[in-house]
Amino acid sequence: MSASTLPFDGLLIGSSLATLAEPTGYGEITDGALAWKDGVLAYVGPRADLPGSPETLAREVIEASGWVTPALVDAHTHLVFAGDRAREFEMRLQGATYEEIARAGGGILSTVRAVRDADEDALFEQSLPRAQALLRDGVTTLEIKSGYGLDFESERRMLRVARKLGQTLGITVRTTYLAAHALPPEFKGNADGYVEALCAWLPDLHAEGLVDAVDAFCESIAFTPTQTRRVFETARALGLPVKLHADQLSDLGGAGLSAEFEGLSADHVEHTNEAGVRAMAASGTVAVLLPGAFHVLRDTKLPPLDLFRAHGVPMAVATDCNPGTSPLLSLRQAMQLACTHFRLTPEEALRGATTHGARALGFHDRGQLRVGMRADFVVWHVRHPAELCYWLGGDLVHSVHAGGVRAA
Ligand code: NIG
Ligand code: FE
């Protein structure tokens, strides 16, 4: 048979599969096979049921071992930034709080200064290794927020760099406009004026194709629910989905606000109350858990995990990769922290970093191994999928594939 008439482009054999195809359980297939065509999964099942011998089915045959899972989806990152905040980490260890540092002009605003000083190439060069680190540990779909520019040109530069990272690495990047992250110094004392300005920038950025969703930091040290609502109304008028940094440090009703706008997600959600959880369940809003920030801030207030379970709110797990509260460069490590701090089961953590992460970004074509889904998958050197949440560090990846193409 000539190559062009083979039924599949690629075929992987020799591994077990964790398909996550059913609502519970790993969806295990021992001695499985996975085949793809035109970037989409075309066979997922036992190797014994393949319709022929491997060489008659695909030009590229990969013989592997271990386990295959859907590729990881990191639904919340701020990985485009310049500089670092290691000095603040030291200050916090000496007793200063995140809020105190922020109110004294450090925190997010110190990264804003570094980003404003960095041109597009510098921002790209500093951010690329972070995206590469996530990819090398299994991530092929990644959300990246703006929010360290806080003026039109700097926010635009961040979003352009985010797009370029996806193109360079051959992975999917979803961009989120988070100009409502902190109040820039030029608007000091005029938060409402800044909110008007950032709403006015959005149509041009959207017209340039730079924005997939809109986010805000609704918190006492950032923006009020009323200001957040103004941002969300602007997004809705442009047909853009919203998500929210909600109830991280206090309960301002952020989860309910995101749900009211049919938000893709409410993120952090440590202080979310039961009314917020019910509203999320009704609107299909995903809870994005960020155990890296919880860990680094040595937080003690757990998100309402049992309420999310009881009301059927899907829980995603993401890195929140950022220079202040979560300098975390592995989604697998975030899964580990979700298990140790939040008592997620390894299966919940894996689903949170795949199926539910995809949903938090509005994707329905990835996050499970099923025929018709994108051929985004990872081959891991493990004896059981629970090992993905068990090891702290280490290199468990055999290979990472995005749309059937090897990406790492
Ligand atoms: O998700 N909460 C606000 N934003 C980030 C922190 C950003 C920063 O400190 O630079 C977060 O934790
Ligand atoms: Fe964040």
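Into which domains is the protein chain divided? In this predicted model, for which local features need a pLDDT of at least 70 and side-chain atom pairs count only at pLDDT 80 or more, totals for chains, interfaces and linings use all residues. Residues are numbered from 1 along each chain as its sequence is written, while chains are lettered from A and ligands numbered from 1 in the order in which they are written. The division, taken from an automatic or database domain assignment, gives domain 1 (8–70 + 368–406) and domain 2 (72–360).

The protein chain holds 14 helices and 18 strands, where helices (H or I, at least four residues) and strands (E, at least two) are DSSP runs numbered from the N terminus. Its radius of gyration, taken over C-alpha atoms, is 21 Å, close to the 22 Å that the globule rule gives for 408 residues, so the chain is as compact as a globular protein of that length; the rule itself is 2.2 Å times the number of residues to the power 0.38. The average pLDDT, the predictor's confidence in each residue from 0 to 100, is 97 for the protein chain.

The centres of the two domains, taken over C-alpha atoms, are separated by 30 Å. To the contact between them, domain 1 gives 17 residues and domain 2 gives 20 residues, two residues being in contact if their C-beta atoms, placed from the backbone, lie within 7 Å. On the side of domain 1 that touches domain 2, β7 (67–70) and β17 (397–402) each supply at least two residues, and the largest share, three residues, comes from β17.
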